[in-house]
Amino acid sequence: MNNDLSDYRKSYEKSVLTEAQIPDNPMQLFQTWFYEVEDFGGLEEANAMTVATHGLDGFPKSRVVLLKKYDHEGFIFYTNYESEKGKAIKNNPNVCLSFFWHNLERQVIIKGKAEKVSPNLSDGYFDSRPDGSKLGAIVSNQSEVIESRKELEDKLLALEKQYEGKEIPRPNYWGGYLVRPVAIEFWQGRPNRLHDRIRYQLQEDFDWKIERLAP
């Protein structure tokens, strides 16, 4: 098998990123970019992001999850605390989040520390989910080996009968993580691979140091 991809080429020409046009706080720039990505169109689930953790087996691992909230504190996503990623975060809370928005030739890379959000916040988000998603969170022992698809479907049918007409409670092993950023890099594609890379790094006084990186 020889699948040579060396001829894949693309010229990035849609925008620029200069120090003169950026705010002092990276969360403001993230918000601007997020709105522009949504307004430009051509991209589903702009909130899809890659979460990278350091696994208990010594290997890094990345997977795509959905960002559900962001504010001045950081970025929030929800998952099973007993999943592979949950166990990895418990062992080492240093994580990396990344977004790739191909419609505007942009990438954002976030280094930060993950911590569980309050139970009240997890309850509020869980209550907002469709019943099927709530039951799915209960049915799945995420990342565990299972015998078959039928095992999941049988458990789901049983739970649908159990909770028919009843409130579905959030399991205590499911909830949110807040990732507090310590560094955020904004990448804008440019021609000739001379991309713009601007990095914000959090300082001890909680101001952000802004630097340009070589592409």
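This is a predicted model: local features need pLDDT of at least 70, side-chain atom pairs count only at pLDDT 80 or more; totals for chains, interfaces and linings use all residues.
Biologist: Which members of the largest nonpolar core touch the most other members?

Modeller: In soluble globular proteins, nonpolar side chains tend to be buried together. The largest nonpolar core here has 32 residues. Those touching the most other members are F30, W101, V108 and F186.

Biologist: Nice. Which element gives the most to this core?

Modeller: Two or more residues come from each of β1 (48-54), β4 (75-80), β5 (94-101), β6 (106-116), β7 (174-188), β8 (196-202) and α1 (26-40). The top contribution is six residues, and the element giving them is α1.

Biologist: How many residues are in the second, separate core?

Modeller: Among its members are A137, L159, Y173 and W174. The size of that core is 15 residues.

Biologist: And in β2, what is the bridge partner of A52?

Modeller: β1 and β2 (residues 60-66) run antiparallel, joined by seven bridges. They form a hairpin with five residues between them, and G58 in the turn has a positive phi of about 90°. Within β2, A52 has as its bridge partner S62.

Biologist: Last one: what percentage of residues 174-215 is strand?

Modeller: An unreviewed UniProt entry lists this range as "domain: Pyridoxine 5'-phosphate oxidase dimerisation C-terminal". Its end C-alpha atoms are 39 Å apart, and the chain there is 0% helix. The strand share is 67%.

Technical notes. Residues are numbered from 1 along each chain as its sequence is written. Side-chain values use heavy atoms; hydrogens and water are left out. A nonpolar core is a set of buried Ala, Val, Leu, Ile, Met, Phe, Trp, Tyr and Cys residues joined through side-chain atoms within 4.5 Å. Buried means under 20% relative accessible area, exposed over 50%, partly exposed in between (1.4 Å probe, protein chains only). Helices (H or I, at least four residues) and strands (E, at least two) are DSSP runs, numbered from the N terminus. Two strands pair if DSSP finds at least two bridges between them. UniProt positions are given in the numbering used here, feature names are shortened, and annotations may be inferred rather than shown by experiment.
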